[in-house]
Amino acid sequence: MPDWIPATPQLLRRVSAGAVLDFMRSSGAVTVTDVMEATGLTRATGIAVCEDLKDRGWIRELENQRIVGGYRKGRPARRFELNERAGVVLGMDIGYSKVTVVVSDLRGNTVGKASRPFDAAGLDAGGRIVHIDDVALAALSSAGTGQQSVLAVCAGVAAPVDRHGDVLAAQKFWGLFDIDLRRAFQERRGWTVLLENDANLAALGDRWMGAAAGVDDVVVILASERLGSGVIDGGRLVHGSRGSAGELAYLELVEGVGDTFGIAYLARTWAAEALAGTAPSALRSIAPAQVEAKDVFAAAAEGDAVALGILDRLADRMARVIGTVGTMWNPELVVIGGGVARSAGVMLGPISDRLSRFTATPPRVAVSPLGDSVVTVGAVRGALDYVEKHSLDLDLSAATG
């Protein structure tokens, strides 16, 4: 079996259609000339693809603007635009304690969303599927659309997933997500589900709409409760042979780190430990059990000594983490993502100042502007990529009828 696929007319047609849809997703009204310049297609092929996509319902032709000042002025160029409501895609973020589902149109605009607490460990596999399904239907209801309009689903889970979409259940908690979600939703709803690691989707999402936009060599670290990373090398997502290329369990062996707890978890924990002592701190105005990372960062910005001590410990720890990533993957950029990212910007300077101590190739460091939506943004992108790649195989009659 060759490791390449012959360029059959059917394959070329499918690739061309995907390229045109990808271009139109981020464009307004376009002409065939615009399509040619953006995709490299010949005029004949560009016209044929646009006609095909129009006939299938993916794009629409705009009314010809021939009349100018009461008379016909030349032959106007035909203009097309994406039919963004030809169907929708779902982006899912399935964690240990929460499930979030976003409904997106074909331009990537969010049109509906639902999020609910999730006790993954307290439910059996069937119960987990029912819960995820309920959140998905609630999201569709908020978008004012039905299950028949769903063209693809991409779901991120907190476990390694190989390039074939199979969960690596080598550790007990990873097995919580090994529930054959793809088959379950195919049988329940007729949906195509793409399964991916949540940090990998965070990398796709941030590279699409975040701090890593346009960067081909980037590592995105989900850093709130536990640390995990997604790696993009040369513009391509890296999985490894069994899906664990971005896993950070090795941090248990790294001096000054020793585990995979994230910034939010440690900020809470260290704040509670500090407040058990007698040192004065503005954090004492908050019950120790209710102190969050944002409170620690806010207090540090005001010069609070206890908060500044915690910030220094976190910066040192993250510099060591990013230093190992910089050595192993040599990215241009490392992005700190997740719900804690909006607060963690105050650590960028201290982290960068320390990096040269831990790696000979220190990357730039940034925080993601996408916050806790970074995984669902990446999931939406993954679903849209699938739709564009398989546009000639998908039936829009159910979605638009």
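The following is a dialogue about a predicted model, taken one label at a time.

Visitor: Why is R25 called buried?

Guide: R25 has a relative accessible area of 7%, and buried means under 20%, so R25 counts as buried. R25 is found in helix α1 (residues 9–25).

Visitor: What is R25 in contact with, leaving aside its neighbours within four places in sequence?

Guide: R25 is in contact with L82, L106, R107, W208, R381, L384, D385 and E388.

Visitor: What does M24 touch, not counting residues up to four places away in sequence?

Guide: M24 touches V30, V35, C50, I59, F80, E81, L82 and R107.

Visitor: Why are C50 and C154 called buried?

Guide: The relative accessible area is 0% for C50 and 3% for C154.

Visitor: How many disulfides does a search of the whole structure find?

Guide: The search finds zero. A disulfide is a covalent bond between the sulfur atoms of two cysteines. To be counted here, a pair of cysteine sulfur atoms has to lie within 2.5 Å.

Visitor: How do you know that I179 is buried?

Guide: I179 has a relative accessible area of 10%. Buried means under 20%, so I179 is buried. I179 is found in the loop between β9 (150–157) and α5 (181–189). Not counting residues up to four places away in sequence, I179 touches A125, R128, I129 and I132. The C-alpha atoms of I179 and D124 are separated by 9.2 Å, although these residues are 55 apart along the chain.

Visitor: What makes β6 (residues 88–94) and β7 (residues 98–104) paired strands?

Guide: Pairing requires at least two bridges. Six bridges join β6 to β7, and the two strands run antiparallel. M92 stands opposite V101 in β7.

Visitor: Why are β8 (110–117) and β10 (193–197) said to stand at the edges?

Guide: The five strands form an open sheet with mixed pairing, in the order β8-β7-β6-β9-β10. Each of β8 and β10 has a single partner strand, so one side of each is left without a neighbour in the sheet. Neighbouring strands of the sheet are turned by 15° against each other on average, direction ignored.

Visitor: Which strands does helix α4 (residues 125–143) lie across, and which does α5 lie across?

Guide: α4 lies across β6, β7, β8 and β9, running at about 145° to β8. α5 lies across β6, β9 and β10, running at about 155° to β10.

Visitor: Why are the buried residues of α8 said to line one face of the helix?

Guide: In helix α8 (residues 293–301), A293, V296, F297, A299 and A300 are buried. Seen down the axis of α8, these fall within an arc of 160°, so they line one face. What covers them includes α7 (263–275), α9 (305–329) and α10 (341–344).

Visitor: Which exposed residues does the face of α8 turned away from its buried side carry?

Guide: That face carries K294 and A301, and exposed means over 50% relative accessible area.

Note on methods
Residues are numbered from 1 along each chain as its sequence is written. This is a predicted model: local features need pLDDT of at least 70, side-chain atom pairs count only at pLDDT 80 or more; totals for chains, interfaces and linings use all residues. Side-chain values use heavy atoms; hydrogens and water are left out. Contact means heavy atoms within 4.5 Å. Helices (H or I, at least four residues) and strands (E, at least two) are DSSP runs, numbered from the N terminus. Buried means under 20% relative accessible area, exposed over 50%, partly exposed in between (1.4 Å probe, protein chains only). Axes are lines fitted to C-alpha atoms, for helices over the stretch in contact, and angles run from 0 to 180 degrees between N-to-C directions. The arc is that of the directions from the helix axis to the C-beta atoms.
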